[in-house]
Amino acid sequence: MPGLPTNSYYPVTRLRRFKTGTDELGNPTYGLQGTIINVAGWAKPTTAEPELAGHARRTVAIKMYAHPGGFIETDIVILTPGGERLEVVGEPENYEHGPFGWAPELEVINLAGIE
């Protein structure tokens with residue numbers, strides 16, 4: 001059964017951390033590698049109560065919809081050129097095993113401001 005129809009995609013920038021070495025105190029140092037990923041869209045949660053995600057229970061600012069496997073917790077996402085940097089909080093919500101064999105081919109990615 002086919003997933004959700006996606007007539008257009010939106011390119012976003014994904015910044016993924018990678019270890020570059022250690023500092024003079026032996027602490028790991030990290031860099032960022034940028035990749036353009038096409039996503040189906042995004043929306044602001046509209047409930048009166050804040051939506052919380054991840055182990056730290058951070059408030060979700062944006063819910064982004066993307067193909068499975070494109071994002072991991074702690075990735076940084078820039079939705080529009082020059083836009084705010086948002087961090088993926090919690091594991092992506094995968095709904096690929098829905099009732100009646102339906103697989104939307106999308107994950108919900110919770111984004112929050114960088115702390």
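Predicted model: local features only at pLDDT ≥ 70, side-chain atom pairs only at ≥ 80, totals over all residues.
Residues are numbered from 1 along each chain as its sequence is written, and side-chain values use heavy atoms, with hydrogens and water left out.

I begin with the overall architecture. The protein chain contains ten strands and zero helices; here helices (H or I, at least four residues) and strands (E, at least two) are DSSP runs, numbered from the N terminus. Of its 115 residues, 33% count as buried, where buried means under 20% relative accessible area, exposed over 50%, and partly exposed in between, with a 1.4 Å probe and protein chains only. A contact means heavy atoms within 4.5 Å. Among contacts with a separation of 6 or more, 54% are between residues 24 or more positions apart.

Let me turn to strand pairing, for which DSSP must find at least two bridges between two strands. Strand β1, residues 10–22, pairs with β2 in the antiparallel sense over twelve bridges. Within that pairing, Tyr30 of β2 stands opposite Lys19. The β1–β2 hairpin has five residues between its strands, and Gly26 in this hairpin adopts a positive phi near 85 degrees. Strand β1 is also joined to β7, residues 76–78, by three bridges, and the two run antiparallel. There, Leu15 is opposite Ile76 of β7.

How many of the five residues of β6 are buried? Four are, so this strand is largely enclosed by the rest of the structure. One antiparallel partner of β6 is β3, residues 41–43, with three bridges, and Gly41 faces Tyr65 of β6 in that pairing. Another is β10, again antiparallel, with five bridges; Ile62 has Leu111 of β10 as its bridge partner.

In soluble globular proteins, nonpolar side chains tend to be buried together. A nonpolar core is defined here as a set of buried Ala, Val, Leu, Ile, Met, Phe, Trp, Tyr and Cys residues joined through side-chain atoms within 4.5 Å. The largest such core has 13 residues, and those touching the most other members are Val12, Met64, Phe71, Val77, Leu79 and Leu111. Two or more residues come from each of β2 (28–39), β6 (62–66), β8 (85–88) and β10 (107–113). The largest share, three residues, is given by β6. Val12 illustrates the contacts: leaving out residues up to four places away in sequence, Val12 touches several residues, including Ile37, Trp42, Met64, Phe71 and Leu79.

I come now to the charged side chains. Side chains of opposite charge can pair when their charged atoms come close. The structure holds two salt bridges, each being a side-chain nitrogen of Lys or Arg within 4 Å of a carboxyl oxygen of Asp or Glu. In one, Arg16 meets Asp75 at 2.9 Å, N to O. This pair links distant parts of the chain, with Arg16 in strand β1 and Asp75 in the loop between β6 and β7, 59 residues apart. Arg16 is partly exposed at 26% relative accessibility, whereas Asp75 is buried, with a relative accessible area of 1%.

In the other, the closest N and O atoms of Arg17 and Glu87 are 3.4 Å apart. Arg17 lies in strand β1 and Glu87 in strand β8, 70 residues apart, and this pair too links distant parts of the chain. Arg17 is partly exposed at 34% relative accessibility, and Glu87 is buried at 11%.

What is the nearest side chain of opposite charge to Arg14, which is buried yet has no salt bridge? For this comparison, Lys and Arg count as positive and Asp and Glu as negative, while His and the chain ends are not counted. The nearest is Asp75, 4.2 Å away. Arg14 belongs to strand β1. A polar atom of the Arg14 side chain lies 2.8 Å from the backbone oxygen of Gly70.

Thr74 is not a glycine, although its phi is positive, about 80 degrees. Thr74 is partly exposed, with a relative accessible area of 37%.

Definitions and conventions
Polar contact = N/O pair within 3.5 Å; in protein donor to acceptor, adjacent residues only side chain to side chain.
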